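Dear colleague,

I am passing on the structure that we spoke about, and would be glad if you could look it over alongside the notes below.

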Amino acid sequence: NPKVIAKPRRKPYQNPDTGESVNTVKQARLVEVALNYFVEELSLRSEATRVLLDALLMPWGIMKLGYMPAVEKYSTKGEMLEVHELIRPGWPFWVRWSPVHFRMDPAADRIENANWVAFYRLMSLDDIKANPNMRAPRDLTATVSLKKDWQTGLGTSTTLEGDSDMLQRVGVWEIWDKKKQELIELTESCSKPLRHGEWPYKLDGFPCQKLYFNINPDEQVPIADVSTYIEQQQELNLIETYMLEHIKRHLPVIVLNDSVTEEEQTKLKRAFVAKWIKAGGADVNAVIKVVQGAQLSPDVHAVRKMLSDDLDEISSVTELERGTAAKVDTATEAAILQAATTLRRSDRQIIFEEFLAGTVRIFRQILQQTMGSPLDLYLGQDTLTKILGPEATELQGWLTINPDDIKGEFTESIVVGSSMPINQAQREAKALEKMRIFAMDPLVNQRELRKRYFEAVEEPDIDTLLLSEQQLMQLQQGMPPQMPGGGA
């Protein structure tokens, strides 16, 4: 999962109203802990991966953020109104939103200067009527009918059972007007809005974050990543289709006469790829006759290679990464080619991490305004000591974050590289390499170094395995470390 870092925008100060000193550095640590908890709990990685796929195949990907009141998650009768598992009652959320169901102010060339954005979703008539924050006019009717028969990706067909009302849905547009700070929900089937009120929370922008890789100046819609090389891919597909058709049409033709037995024919067909024709006659000198077809022009192969090279260059996929033998003379040349590819990918990685940081920033702003109850987290004694200092001794590794603890302004960022996929072997190798480099280095905290190694190898009970800071100090003073329970 991506790792979040939070930094305070203001140095520690004294509250003029209460006279209490405010430790903004400590607040930033608490915000960081809370955000990293939600990053894992609400599966930011999986949702961001889906947004990333949208951004690669379409002009952009959309991450929608918000807050789900308990009364909108469940009705007064206990019926579930919102079925999305990542949208939980009483907490903010982030979910991937289909770019097809997103609209933006057409007068704007980018989301930063747009007056409004809109999100489209389907709701049942019963869910709208059961939602206490929505008003269902008398003339409200369904606008979409679900198909009874549909084909799955596995090739099987499914029939939706039930009465006709169960297959009816209302298409709802959720419009966020930034200029008027109004939230409006409309549907085509009635003239009055289903909801019309103020924004439920104040944000710097809209409750969404967009991801795209290719800016299209003075145009609202950016260039999809796949659009930069789709023409080369289509031309390459045409060339390869032509080559396959040529092979099929111009396979060698082998003529067999009646003298060739069935067994011999079977052996021949296993040994050669060709078209087989039977002919009459018993001429011993012409038992088997091969008619060779026309050869494919060398120009076709040259054009195919040219298109393939262009496609690799634009998409940043090298021959070395495909596992084929790259035509390089020296190791230095191969390193230069790999460095150029890494540079292009690093640009996209930076864009993706900035998108994640923007998503977390909006989430934090919503959390600050909607957090109604304390958040209890188990962090371990060492991590807790770094945040709270000596007062963490009696908490036994548990941290309680209250709503007032995360007030203020902060700058969120993503640890470089934490959003990149890494397998367990790579993680362990990286941690072991750090151990070898910094072992016995007086400037490096050896206990923390070992702890991070154990975290990388997923040791289940690190605090029990390692001596605490107090026990380590006793050991350094020549005293036997005091173990839990009073034993030495």
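Predicted model: local features only at pLDDT ≥ 70, side-chain atom pairs only at ≥ 80, totals over all residues.

Residues are numbered from 1 along each chain as its sequence is written, and side-chain values use heavy atoms, with hydrogens and water left out.

Taking a salt bridge as a side-chain nitrogen of Lys or Arg within 4 Å of a carboxyl oxygen of Asp or Glu, the count comes to 16. One of them joins lysine 64 to glutamate 174 at 3.2 Å, N to O; lysine 64 lies in strand β4 (residues 61-67) and glutamate 174 in strand β11 (residues 168-177), so the pair ties together parts that are 110 residues apart in sequence. Strands here are DSSP runs of E, at least two residues, and helices are runs of H or I, at least four, numbered from the N terminus. Both lysine 64 and glutamate 174 are buried, where buried means under 20% relative accessible area, exposed over 50% and partly exposed in between (1.4 Å probe, protein chains only).

Arginine 452 and glutamate 448, which meet in a salt bridge of 3.3 Å, N to O, both lie in helix α12 (residues 446-456), four residues apart, about one turn of the helix. Arginine 452 is exposed, with a relative accessible area of 52%, whereas glutamate 448 counts as buried at 16%.

With regards
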